[in-house]
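Trainee: I would like to learn how to read a model such as this one, feature by feature. Could you take me through it slowly?

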Amino acid sequence: MDIFSILLNLFTPSVFLVVFAGVLVGIVVGAIPGLNGAIGISLLLPLTFTMEPQIGLLLLGGIYMGGMYGGSITAILINVPGDVVAAPVAMEGYPLTQQGRAKEALYYSIFSSMFGGFIGVLVLILFTPPLARFALQFGPAEMFFVSLSGLIIVGALSGSILKAALAVLLGLFISTVGVDMITGSERFTFDSLGLRSGISVVPVVLGLFCFAEMFLNIGKKPSEQVQYRDQKISRMTVIKDILSQRFLVWKSGLIGTVVGLLPGVGTTLAVFMSYGDAKRASRRDIPFEQGNPDGIIAAESANNATVGSSMVPLLALGVPGSPTSAIIAGALVIHGIVLGPSLFVNRPDVAFTFLYGMLLTVVAMTIIGAIGIKYFSYILKIKMEYIVPTVLVFALFGAYSLRNSLFDVFIAIILGIAGAIFKKMHVPLAPIIIGVVLGPLIETNLARAMRIAGARNMPLWEYLLATPLSKGLVALVVIMLLVVIRMRHKEKIAAKEVKNA
Amino acid sequence: MMLTVAPLPTNACAQMLSNLILGVIVLLSSIFFYLQTTDLPDRSALFPQYILWGLAIVGVLLIFQALLEGRKKAAKEELEARREARVQFNDILIFQVMVPGGLMLVAYGLLLSVGFYPASAFLVFTIYSYHAFRIDAENLNRALWVRAVIFAFVITLFMYLVFTLLLGLPAPSGALF
């Protein structure tokens, strides 16, 4: 697909409208404590059913990008990081707010997010098509190892590794419910008509992310009111200062990009690594935890860089890099689009419009973020008593509208109850989603590999490791796991430092 | 998601207990589901069996971990802390999970019988009121009921306008709507 056709697809009023709306929704849901980009995407899923796939996808991409930035608003203004990811921003941004420099902190946040976002999306554009072309050579053995790589999330999450393993196994188990596509036999359906068609990813996401989260938000008191007295500062002053720290921006953006590329690893790791690195390398006289802008620049550049790069494994290999990209994968399935290397052959229009359209989401985020700063304090005034019921009924509709199935609604509610209990038991929910998405991919390729190995009269393991490519992939998976465990160790140290401070 | 605070002894107690319960449930469920796979053709049973083996092992490890922690803590921790942790966990289980979950199931029942929009109005009204009640029971007064009714009506109307009229998406229908 040539660049002219892509631009023609992109520069239409509907695309601009959708991208700006997506980013705005993302910023708002990201800024409200208790909500996040994943919930925003889940809620707006039904809207995408009536859109062209590439436009729907850009709406979700916009929410993802905006949500990543939105989390920093509460962190800076009221010292409430909506997510662990925003904790370092709170450490540096809130002291600036206390000094009457909230606007300056928000400018640092938005413009660093912009630079990080651009780095991530450039990697997305440059790396995805060649990786997809390369992945076309993959057989069942290689695809089996690639999909296994997504399970690295177990090693990447902070907290109990046993519980992360439990969550991912639970997700894989959920994916086996229904009619087995290979033999046609029913598994764990208990003669229920609803279970025969399996449990799709969207009710699982809505149950675990929306219902569970909202149940636990019931009874939460309103946030502290924002003290918004501000010193004047121009946008250009902040941009110039960020550009004078371009090495920090590039380094943090690249850390975010590389970590985002690892399937299932997540943003937290990237943010804490970048923040810790900035803390060691900063040349400013201002101490950290007292409003050093370098902390904001590093954390925000890394944060938004993961958005683009986490989509690379999803688009090129069909392996979601984060829970949010798993939801986006679910949305594409609804449109009948198969993710992975064949996407660029079968639907280049969708793939390339999305890749280049993600640049627009960065532009939209920057414009909305830079202009809307004075209105952000209003977002924080939205009361939880209005948010919780609204999210619940929208999620109820979302669960139904996927397949017009009331059974999906029931599944979402049951998983919501289970998800809330899991959260209280410190069982992470994201690996469940990853497991549900990767389950069919792992099983199908394992079954294919077994069939081929059987036909060739060779043991399965011998077939799986027959080609240099599959051997290389196994080595890569092991290396990635070791790297992730090492990074996790570093993250723990960085998080400990933040907590102590 | 909010930041978690550093674990207190009470949390450790609660976690030990919840790990034990979780481990037992996971182990028993994996045995139950494994037995369901025995009638399946080998090819269909293989992948779920691998997963269920994994789940059973995780279950056993969770039980083992909880028992080890329990032995370590039993000497140090006060019984009072355990009781407090149990009360805290039960409070969350009942008021933050079971009650809203129950309300959702009632709304689901209404969805089947009277249709999506009346069920939505019910859900918005009850959750709004319940949220206010959880903050402070004294919030439940006439003004709150009126606000809840208005809010439920506005949200339901908005959803009807957007999903049904504007986007033409089908909503579950029932006897009333």
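Trainee: Which domains does the domain assignment give for chain B?

Mentor: Domain bounds come from an automatic or database domain assignment, and for chain B that assignment gives domain 1 (9-77) and domain 2 (93-166). The C-alpha centres of these two domains of chain B lie 36 Å apart. Keep in mind that this is a predicted model, in which local features need pLDDT of at least 70 and side-chain atom pairs count only at pLDDT 80 or more, while totals for chains, interfaces and linings use all residues. Residues are numbered from 1 along each chain as its sequence is written, chains are lettered from A and ligands numbered from 1 in the order in which they are written, and side-chain values use heavy atoms, with hydrogens and water left out.

Trainee: How many helices and strands does chain B have?

Mentor: Helices (H or I, at least four residues) and strands (E, at least two) are DSSP runs, numbered from the N terminus; chain B has 5 helices and 0 strands.

Trainee: How should I read the interface, and what area do chain B and chain A bury between them?

Mentor: The size of an interface is often given as the accessible area lost when the parts come together. With a 1.4 Å probe and the loss summed over both parts, chain B and chain A bury about 6,300 Å², 81% of it on carbon and sulfur atoms. Counting contact as heavy atoms within 4.5 Å, 64 residues of chain B are in contact with 74 residues of chain A.

Trainee: Which helix of chain B gives the most to the side that touches chain A?

Mentor: Helices α1 (9-37), α2 (42-76), α3 (79-113), α4 (116-135) and α5 (142-166) of chain B each supply at least two residues of that side, and α2(B) gives the most, with 14 residues. The residues of this side of chain B divide into 49 nonpolar (Ala, Val, Leu, Ile, Met, Phe, Trp, Tyr, Cys and Pro), 12 polar (the others, Gly among them) and 3 charged (Asp, Glu, Lys and Arg).

Trainee: How many salt bridges does the rule find across the interface?

Mentor: A salt bridge requires a side-chain nitrogen of Lys or Arg within 4 Å of a carboxyl oxygen of Asp or Glu, and the rule finds 0 across the interface of chain B and chain A.

Technical notes:
Buried area = accessible area lost by both parts, 1.4 Å probe.
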